[in-house]
Amino acid sequence: RILDEDLPFQGEWSWRIDADAGGSRVTLTERGEVGNPVFRFIGTHMTGHTRSLDAVLGALATRVGDSAAPIEDAPANAAASVPATRRS
């Protein structure tokens, strides 16, 4: 959980691991707030809001030997949280 008011982002990640067809489904959900409009613009138009989630899930998949597992992003209208799921 990041609560420092001096940073451009405040929020938390929650992890969920479920059994899925002989493997596991890992769901990483970010709930947060980007207060600074400059950082909101950068996240929306330049870097993407799920970049960190995708990188962490990709690193996890590589670590467990399933780097080809797909990442499924939340629908674009999911403003309250951004879950990203990796099947392995």
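## Close-up views of a predicted model

**View 1. Leu 60 and its neighbours.** Leaving aside residues up to four places away in sequence, Leu 60 touches Trp 15 and Val 26, a contact being heavy atoms within 4.5 Å. Leu 60 and Val 26 are 34 residues apart along the chain, and their C-alpha atoms are separated by 9.4 Å. Leu 60 belongs to helix α2 (residues 51-63); helices (H or I, at least four residues) and strands (E, at least two) are DSSP runs, numbered from the N terminus. Leu 60 counts as partly exposed because its relative accessibility is 32%; buried means under 20% relative accessible area, exposed over 50%, and partly exposed in between (1.4 Å probe, protein chains only).

A note on reading these views: the model is predicted, so local features need pLDDT of at least 70 and side-chain atom pairs count only at pLDDT 80 or more, while totals for chains, interfaces and linings use all residues. Residues are numbered from 1 along each chain as its sequence is written, and side-chain values use heavy atoms, with hydrogens and water left out.

View 2. Accessible areas come from the Shrake-Rupley method with a 1.4 Å probe, and for residues only the protein chains shown count as cover. Trp 15 sits in strand β1 (residues 9-20) and, because its relative accessibility is 46%, counts as partly exposed.

**View 3. The salt bridge of Arg 16 and Asp 18.** Searching the whole structure turns up 1 salt bridge, defined as a side-chain nitrogen of Lys or Arg within 4 Å of a carboxyl oxygen of Asp or Glu. The side chains that meet in it are those of Asp 18 and Arg 16, at 2.7 Å, N to O. Side chains of opposite charge can pair when their charged atoms come close. Arg 16 counts as exposed because it has 52% relative accessibility, whereas Asp 18, at 27%, counts as partly exposed.

View 4. Strands β1 and β2 (residues 23-34) run antiparallel and are joined by 12 bridges; two strands pair if DSSP finds at least two bridges between them. Have a look at Phe 9, whose bridge partner in β2 is Val 34. The hairpin has 2 residues between the strands, and Ala 21 lies in this loop. Phi of Ala 21 is near 45°, a positive value in a residue other than glycine. Because its relative accessibility is 85%, Ala 21 counts as exposed.

**View 5. The two ends of helix α1.** After α1 comes Gly 48, with a positive phi near 90°.

**View 6. The whole protein, for orientation.** Stepping back, the protein has 2 helices and 4 strands, following the pattern β-β-α-α-β-β along the sequence. Of its 88 residues, 23% count as buried. The accessible surface comes to about 6,100 Å², and carbon and sulfur atoms hold 53% of it.
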